[in-house]
Amino acid sequence: MDEHTEMNRYLYDLQGYLVIENVLTSTEVAGLNAAIDAQIDPIPTDWRDTANNNKLGMYKIYRFGMAGGSYPSGPGFLVWGELFCRLIDHPAVMDIMRFQLGDCFRLDRIFGMRMAKGMPSGMLHSDYGASAPFTHAERGRYFPQPVHQALHGFGVAAFNLTDSGPETGGLRVIPGSHHSHFKLPKKVRRDEHTDIVACPEAPAGSVTLFSEATTHGTAAWTASHERRSLLYKYCASNLTWSRTRVTAPEDVDLRTRQRRLLEEPAGGGWFFSSIFEADEELQQGSKK
Ligand SMILES: O=C(O)CCC(=O)C(=O)O
């Protein structure tokens, strides 16, 4: 294994997140941004009213191109073309997801995030582990994770299409929190204790990888340029977050590995023994 891969794996395990820069070329970033511009209306200047008048609040404004998870089944932003589909199995993401999820995993849900200057923060949360809503851990008490509960089975790749970081806002995380056995203290959840929260530097063209067990959320956006990220959320093949799915777009010819990543949930090895098997053959797209 080369030293770069070794380092990335160490940092991802240690921090529960990792930013890898320059995974997209400036041409790819420009192409993705142009396609988004062509598909969705600009953020309305009265976004505050829209957020106040909708039960989904800011989520209605922040998110675009959703599929799976809390949203209906469908291809989401994958219908916007090959550039979006290519990211399903980007090599920089596949290496870390394989490290976290093994050889059989799937794309569980997708959505885009966009923010305009002045947009507020989104609450810190974890989808798994002591702070997850359904684990019922008691605040201030050590929480031994029961073996039947998923913990490290979900991982996210957020491709950054504009610059974000501590100066602008965007994705925020509590480094190392995926290993915590304590529920998030109320003071941290209420943003009264922010020293342990990081808003990683993530320039356009980078990807931010994080475990869904890492406590994460959105930091208020203060930059004059728009925030844009595309989130691809993966999980071990035998898991699922909800009853809805990301489905293949009709007009894009997906490669074999990309199709495998859209398979239904099932025990690892049920539909194929590895999404990495016969790599060359998979790239040619000749074999299911
Ligand atoms: O990208 C962000 O700002 C946060 C995304 C988020 O909260 C989530 O993935 O649950």
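## Working through a predicted fold

Start with a glycine: setting aside neighbours within four places in sequence, Gly69 makes contacts with Asp108, Arg109, Lys233, Trp241, Ser242 and Thr244. Keep in mind that this is a predicted model.

**Exercise 1. Check the overall dimensions of the protein chain against the globule rule.**

Solution. 
- Step 1: For 288 residues, a compact globule would come out with a radius of gyration near 19 Å.
- Step 2: compare. The protein chain has 18 Å, which agrees.
- Step 3: The C-alpha trace spans about 55 × 45 × 40 Å along its principal axes.
- Step 4: look at what is inside. Nine helices and nine strands make up the secondary structure, and 41% of the 288 residues count as buried.
- Step 5: look at sequence separation. Take the contacts between residues at least 6 apart in sequence: 86% of them join residues at least 24 apart.

**Exercise 2. Show how the buried residues of α6 are arranged around its axis.**

Solution. 
- Step 1: list them. Helix α6 (residues 91-101) buries Ala92, Val93, Ile96, Met97, Gln100 and Leu101.
- Step 2: look down the axis. These buried residues fall within an arc of 130 degrees, so they line one face of α6.
- Step 3: recall the geometry. An α-helix has 3.6 residues a turn, so residues three or four places apart point the same way.
- Step 4: see what covers them. The cover includes α1 (3-15), β1 (17-20), β3 (105-115), β5 (154-160), β7 (207-211) and β9.
- Step 5: check the end. Just after α6, Gly102 takes a positive phi of about 85 degrees.

**Exercise 3. Describe the shell around the ligand.**

Solution. 
- Step 1: list the residues. The shell consists of Met113, Gly122, Ala158, Gly170, Leu171, His216, Gly217, Thr218, Ser229 and Leu231.
- Step 2: sort by class. Four are nonpolar, six are polar and none is charged.
- Step 3: assign strands. β6 (170-173), β8 (216-219) and β9 (227-236) supply at least two residues each, and β8 gives the most, with three.

**Exercise 4. Look at His136 and Asp191, which have positive phi values.**

Solution. 
- Step 1: recall the background. Most residues other than glycine have a negative phi.
- Step 2: take His136. Its phi is near 60 degrees; His136 is in the loop between β4 (122-125) and β5, and counts as exposed with 9 C-beta neighbours inside 10 Å.
- Step 3: take Asp191. Its phi is near 60 degrees; Asp191 is in the loop between α7 (186-189) and β7, and is partly exposed, with 15 other C-beta atoms within 10 Å.

Definitions and conventions:
Residues are numbered from 1 along each chain as its sequence is written. This is a predicted model: local features need pLDDT of at least 70, side-chain atom pairs count only at pLDDT 80 or more; totals for chains, interfaces and linings use all residues. Helices (H or I, at least four residues) and strands (E, at least two) are DSSP runs, numbered from the N terminus. The radius of gyration is taken over C-alpha atoms; the globule rule is 2.2 Å times the number of residues to the power 0.38. A residue is buried if 20 or more other C-beta atoms lie within 10 Å of its own, exposed if 12 or fewer, and partly exposed in between; C-beta atoms are placed from the backbone. Two residues are in contact if their C-beta atoms, placed from the backbone, lie within 7 Å. A residue is near a molecule or strand if its C-beta atom, placed from the backbone, lies within 6 Å of it. Ala, Val, Leu, Ile, Met, Phe, Trp, Tyr, Cys and Pro count as nonpolar, Asp, Glu, Lys and Arg as charged, and the others, Gly among them, as polar. The arc is that of the directions from the helix axis to the C-beta atoms.
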